[in-house]
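Please read them with the structure open beside you.

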Amino acid sequence: MTTLELLSSIGCPTDVRAARERLVQKGAPTVPHGDHVDFLVGERLVHFAVDEDCGRGCAHGGDSAGQVIDHGVVKVLRRRRGGAKGGDYKPLPNAGPKTPKTLTPPTTAPRDGDGASAYASEADELCARLALEARGGDEESTHTRLFVDGICCPSEKPLIHKILERMEGVRDVKVVVPTKTVLVEHAASTVSTEAIVDALNGARLQAHVADTASPSSASKSASEVSGNRDASRLPPARISAACVFFAISLLHYIPDSSGRIEYLRYVALGAVAVGTPQIASKAFGSLKHAVVDINALMTVAIAGACALQDFGEAAAVVVLFTLSEWLEARAMAKTTRAIGAVMALRPQTATRVGASSAVPVEDIAVGDIVCIRPGDIVPLDGIVVAGSSAVDESALTGESMPVRKTLGNRVFGGTVNQGGALEARATSIAADSAVARLVRLIEDAQAQRSSSELAIERFARVYTPLVIVGAALVMVIQYALGETGSEPAYLACVLLVVACPCALVLSTPVVAVSALTLCAQRGVLVKGSAHLERLGRVERVFMDKTGTLTRGAFTLSAVRLVCSPKDDTEYQRPALAVGALLRWMCALESKSSHPLASAILRGAGAAIRVAAKQCKVEAYDTIPGRGARATIDGRCVEAGNGELAAENGWLSRDAELTKISKKWEAEGGTVIWIGLDGLLAGIVRCDDVMRPNAGEAVEKLHALGVRVDMITGDNAGAAEFVRARVPGLSSERVKASLTPREKLELVKDAVLQAECATSKLSMKLFGRSTVAMVGDGVNDAPALGVADVGIAMGVAGSAAAMETADVSLMTNDLTRVVETIVLGRECVRKIRQNVIFSVVTKLAVLALSIAGRTGLWEAIAVDVGASLLVILNGMSVLRRRTNHAELASVHCVGERARIDGKLDDSTMTTAVAALGAAPTATKPYGQGPFTLPQGKSPTPPSIAMRMPFTLPPQSKTTMT
């Protein structure tokens, strides 16, 4: 609005000075802003720039008539700090170099749209600064984990959010009802941990800090609380006393002619006196924050029953409600202990090599060498530098068989050393280890809410106040119509008990937390119940070949060079030896993260790798879906698949080489074409190994009615080789030679087909079928992201994959995908069972209550029973056990017997003897030092006689 409209709307004159005096006389609230104060007028912050009232730093002074600066709407961003007069608001942040625009009193009526649009940008900037300040500014977040024993029902969840989210400096609040855990992200300098705990305890929620440094401590606290209750096997003293009083009061129903036994009905007041205070204190704490929870409803119902002198009914409400809380805590103890076992994986101490005592694991820096004795928990992620042992990784990956660890192998924090002593160099700090990330992501997953849970919460927010209003109307209307008895008030009390949808709200989170815990115990990290529900509706799965159906551990099997030029008229081919080719390949692949790059680096041998490090690599570039190129020592080196070869015209340049490449592809090998300065130089073959349980997993998915498609960027021959060894994978469901974009488009099209095949009504009520993508979490990131559920395999040591994938498998066992889908389907089924059961029982009790067929104790008994049954049904997923047989056979994608030009021992011995002298400095064709010694002619053309280096002892690479 304009200045004229603004001043007129608040009853002030249009003169700036007169308007300011009017606001001062009215005692309008002011906000300190730099060296002056601004007025809060309605929802807007206004500055009157008058010379005698502004500070020296005001940029708007100097005008004798004065100016008005409108800072915009700030009502939702500022709160009064106390008092009723001006100056009671927290100072605004500094305005910065940009000065706000001014509004001068207009001489004519303003045009429509003037004012607000002219100063929208300044108001938005101010609002952004205020919002940032309210969140604690740019300070790094502190994550605090609280155990809140006062959480007895999902009705406390909105109360906790309302208390904490309005505190300045609090950035995020996550409440996990089944485990009574609250995760708070906040700026420590703005709001301390003590202030957060005090705010919760002000509402009688019995909160305490678990341990900000150790996520496992809260779970231990929860386990101890639940464990103590479970160990006693008896309710607390106040509940036991209430039960005794209630039982004695029931004796008044015994017929007695003297009438003395009738006075036993007053013993029920003892149960009310013992059990009500704690319920009432929680109710008072929630009502202070304008939240009506189950404690408030029970308190009103108890007070109403006592007012009607129905003491037995009041005692029944107290006993059944407090007893239900205790029974629910006992029922959830198993889930709490299971989660505590997962959280307790994170180790607490570590011992440096040479040190006599252990230190906190947080004190270990990257590069420190730690000692891991037999039976010790590996403190953090690292690489073995001394010793060998068997390590139990079942806590992290779910694999029961210990894994052999020796020099150079990776070890992960939280695993157990079962054999000899190890020394490992730390590769990450404690907060970034695999187990720490696992614990952190499990906590976040528990707090995530699925679509069904959100829908139930929205329904509960409407249902509860609706029934409360209905209860009040029923009582008022009946009394207005002339009813004089106590029945209307009693019915209103019954309806208040029915108004709490505890069973309905618990129907989803109990199932989700139990399933997420079970998945974590099996080495599967699911990022929340939403992804778990989508897994339960999966009807199509895309699988990558490399690293998914195969191990992704390539080996360099063969190298074949182009033929030497015969005459000057023939197409010129680079003449070079195998050593030079591999040297340039290693230099190129050292810049790549592709599994084939690692295979070439390993297979080339140590001497070649050392020489490759001396090469100057410039202008490295990845060719999407084809390969890579770079300038190495001034020469352009290209390496890639058949598409790159076809694009450069290499396929028609050497018929023999093309024939060999097709043969290798038919045998399941992956062929890499190498070019030098645009000319074909040779080809390299790499072989992969099938996963032993790939066929079993695909067969099980087919048995579940899930369609499986294989998509790969490898050649058609390698894809067909894998398809033939995976039962149930038909040719039309295999797509080869795909770029990452083409993979993404295939998955996106499948998702769109699933959406089009489901009606809008069915989608809202039951959801639609979903599409999953299974990959390695790195090379398949685009396709994983566009799928409904992205599943990354073998990511125990991959931080990026654990953070980005919807589902992360700590192991490479494909059958875990099947188990997780089956578990997802069971969760969807359990959630539907719980929701239907909760709604039916609640509606039945509501109808019977309106009809006058139920009393207070019947209503509370049904509510308690329904909640317990929902909890027990949801926790039944923890009893799942899946035994799958490990296949013993390993199928090699490239059989060594079929490799052309196989080396025998005599040929290798001859080659080593012939090349016993050190390489000379002769450099024909500019190939560097890796040439044959003088006088050692490459005749006869044996591949062994042409190798200028010795193979590693374990290598069986064929080179021609």
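1. A patch, as the word is used here, is made of residues with over 30% relative accessible area and no salt bridge, and nonpolar side chains are joined into one within 5 Å. The model is a predicted one, and the comments below should be read with that in mind.

2. By that definition, Val 244, Ile 248, Leu 251 and Ile 254 make a nonpolar surface patch of about 310 Å². Ile 254 lies in the loop that runs between helix H7 (237–249) and helix H8 (268–287). With a relative accessible area of 42%, Ile 254 counts as partly exposed, because that class covers values between the 20% limit for buried and the 50% limit for exposed.

3. Which residues are in contact with Ile 791, leaving aside neighbours within four places in sequence? They are Leu 535, Ala 772, Met 773, Val 774, Gly 775, Leu 784, Val 807, Leu 809 and Val 817.

4. The unreviewed UniProt entry carries the annotation "transmembrane region" for residues 462–482 and 488–519. In the model, residues 462–482 are 90% helix and 0% strand, with their end C-alpha atoms 30 Å apart. Residues 488–519 are 84% helix and 0% strand, and there the end C-alpha atoms lie 51 Å apart.

Terms used:
Residues numbered from 1 in each chain as written. Predicted model: local features only at pLDDT ≥ 70, side-chain atom pairs only at ≥ 80, totals over all residues. Heavy atoms only, no water. Contact = heavy atoms within 4.5 Å. Patch = residues over 30% accessible without salt bridge, like charges linked within 9 Å, V, L, I, M, F, W, Y side chains within 5 Å. Areas by Shrake-Rupley, 256 points an atom, 1.4 Å probe, with all protein chains shown as cover. Salt bridge = Lys/Arg side-chain N within 4 Å of Asp/Glu carboxyl O. Helix = DSSP H or I, 4+ residues; strand = E, 2+ residues; numbered from the N terminus. Buried < 20%, exposed > 50% of the residue type's maximum accessible area, 1.4 Å probe, protein only. UniProt positions renumbered as here; feature names shortened; annotations may be inferred.
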